Amino acid sequence: LADAFFTCRKNVLLAKSTSTQIEGVFGATRGRLVPEEQEALLQQWLEEGAGNLPASESVPSVGKVSVTLTSDWLEGSELLMTSLSDLNSAPEVTQCAGQQLTELHALASKEPQDDAVTELAKLPAEEAVAVAESAPWAAVVPQTDHQIAGYAAIDVEVQNEDPAVLAWSLVRDAGTVPTEPPAWPIQDTVQFCPLPTEVPYHEILWRDWEDLSVQPCVLEQVSKNTPLFEFRVMSYNILAQDLVEQGLDLYQHCHPDILNWNYRLPNLLQEIQHWDPDVLCLQEVQENHYWEQLEPMFKEMGFACFYKRRTGTKTDGCAVCYKHSRFQLISLSPIEYFRPGMDILNRDNVGLVLLLQPLLPEGLDLKAISPLCVANTHVLFNPRRGDIKLAQMALLLAEIDKIAKTTEGSYYPVILCGDLNSVPDSPLYKFIRNGELSYHGMPAWKVSGQEDFSQQLYARKLLAPLWPSSLGVTDSCQYVTLCQPKKLGRRKYSRDFLLQFRFCDVACERPPHLILLEGVTDAKPEKVASAREHATSAVTAVLNTLHHSFCFLGKWWLFMCRSSGVIQHGLNLTSVYSHFLPQRGRPEVTTMPMGLGATVDYIFYSAEPVENGNRGGRRLYQDGALKLLGRLSLLSEDVLLLADGLPNPFCSSDHLCLLASFGLEISSL
């Protein structure tokens with residue numbers, strides 16, 4: 001019983017003391033004699049506790065209690081977490097040397113005063129009390145500052161009984177345990193409380209792979225005779241280190257060690273390497289980290305990489321990497337959203353648009369498969385400036401329209417990735433997915449749906465046209481130079497071509513049916529030189545008139561098209577994710593700033609609209625040549641809260657990565 005009492009008391013001291021206290025104070029207690037009054041106090045408490053037991057069970061039998069003692073001593077953090085139930089298979093009783101037993105009795109009976117936590121200098125290396133059918137109790141390792149940082153909370157069922165009483169009373173049946181155990185006999189020591197069992201981060205943050213290729217709706221669309229070029233796409237905001245250091249207030253829940261770049265980089269690379277994407281779209285990539293660390297490592301992993309830093313003084317940007325064994329580059333278009341002199345495009349965000357050719361096995365013609373357009377961007381964060389977000393997205397869609405459009409006027413398959421800083425079903429999200437948005441009069445804060453500023457008196461509102469015509473982008477998110485209609489059969493003559501005829505004889509003769517205008521269409525000039533000068537002036541005047549007329553008509557047409565307050569695009573994009581977890585009844589989240597979960601990261605891909613498919617203003621799609629085969633599931637806010645939010649020791653960014661598997665039809669072999 002004394003051994004059992006000592007074991008539980010040791011657990012209390014370990015749970016409530018630091019390793020330095022234990023090692024320092026307990027070292028001074030070795031060899032102390034047990035005072036008689038302390039021995040009497042222990043005996044009195046044991047008799048009072050045993051008095052509450054039935055007569056037949058007042059003394060636990062040796063068969064039910066086993067004590068294991070060794071002569072090795074532990075120091076502080078070397079003590080492993082132990083539970084009583086783990087030692088049921090221990091030897092019945094291992095006899096202790098007389099000196100050790102005396103010291104254990106001394107420690108067990110010493111009355112704790114200010115030096116109550118000084119009694120662990122000569123603890124055995126392995127010592128426990130194992131009781132039949134006992135509940136788990138943990139002896140917690142004292143943590144130093146750096147150990148506390150990585151310590152996670154542990155989950156187990158809570159016990160109400162005092163552990164010292166439990167050590168000798170659990171030998172009875174569960175039904176005979178007294179509802180009110182004896183009072184804790186040590187006045188100055190906090191009563192021991194059980195700790196929850198540790199749940200590893202990878203179990204809390206476990207993400208399932210959802211195989212969508214086995215769904216009936218997908219199986220019907222995938223022809224058995226049509227092979228697919230399968231590939232994976234990952235979109236990941238990896239959190240630039242400069243942004244971490246500039247906004248430490250956002251990461252107060254994190255220990256400084258896990259915010260260190262030298263800690264985060266291996267975690268990020270391991271995660272990317274584990275999921276093994278064929279196309280990788282990254283946001284918030286710090287420039288010096290990209291050139292010095294990320295690009296060399298990605299090249300070793302078989303990636304070809306392209307990077308675009310944000311304009312101005314910003315130090316991060318976007319990167320797109322692809323496996324050069326799976327794709328080859330056709331064209332690359334970096335995009336800068338900053339436009340001097342335009343208030344609606346005065347921010348430093350950027351994007352990248354690539355046109356990639358999938359590589360088929362040897363013997364197959366590359367023309368058998370369509371090129372793939374991949375776009376990556378990071379849109380402005382400011383929740384109040386939805387007008388800027390829309391203008392940035394319009395520029396990106398115009399660039400995709402230019403890169404992905406075929407000679408027949410259709411589009412190659414498109415995959416759009418990025419951190420759009422807009423929540424699902426916000427006007428910006430609906431614009432991308434439904435292809436149309438009526439924005440005139442809409443409050444600017446409402447575009448992204450990040451925050452509610454409806455109580456603001458003088459909120460900025462969107463007015464048509466949203467951006468000036470000098471931007472050269474129509475409300476259909478196309479460049480003006482590429483979208484003007486062409487008249488078939490019309491011949492175009494350049495100015496230089498027409499000027500070749502200014503000295504010919506025909507130009508110097510007056511047509512017979514020309515109306516006579518004095519000084520203009522009158523008789524042929526006497527001097528040839530004068531005739532040539534008149535012909536040149538006439539041709540030049542006609543060309544200038546035509547030029548100004550076309551410019552006026554173009555501006556008038558552009559103004560008439562853009563005065564409606566509606567923008568649209570024709571790319572037919574839908575989201576990889578549904579943004580809701582039906583099994584949990586909660587929304588998906590991709591980031592968790594300040595402990596609040598939200599979805600702002602997306603992967604959109606080309607699909608075919610369902611005929612007459614419009615449900616509640618939401619356009620319905622079905623897979624076309626590009627098919628969604630699977631995706632990595634996202635998590636809900638409550639799950640991320642269990643893991644202490646983002647970032648944490650397991651996930652080294654404040655965003656979750658998005659991963660999807662696609663299949664691109666191979667038309668013929």
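Reader: Is K405 buried, exposed or partly exposed?

Author: K405 is partly exposed, with a relative accessibility of 31%. Here buried means under 20% relative accessible area, exposed over 50%, and partly exposed in between, with a 1.4 Å probe and protein chains only. This is a predicted model, in which local features need pLDDT of at least 70 and side-chain atom pairs count only at pLDDT 80 or more, while totals for chains, interfaces and linings use all residues. Residues are numbered from 1 along each chain as its sequence is written, and side-chain values use heavy atoms, with hydrogens and water left out.

Reader: Which residue does K405 meet in a salt bridge?

Author: K405 meets D401, at 3.6 Å from N to O. A salt bridge is a side-chain nitrogen of Lys or Arg within 4 Å of a carboxyl oxygen of Asp or Glu. D401 is buried, at 5% relative accessibility.

Reader: How many salt bridges does that rule give?

Author: The count is 14.

Reader: Turning to D348, what is its salt-bridge partner?

Author: The partner of D348 is K314, with the closest N and O atoms 3.3 Å apart. D348 lies in the loop between β8 (327-336) and β9 (350-358), and K314 in the loop between β6 and β7 (316-323), so the pair ties together parts 34 residues apart in sequence. Strands are DSSP runs of E, at least two residues, and helices are runs of H or I, at least four, numbered from the N terminus.

Reader: Are D348 and K314 buried or partly exposed?

Author: D348 is buried at 17% relative accessibility, whereas K314 is partly exposed at 30%.
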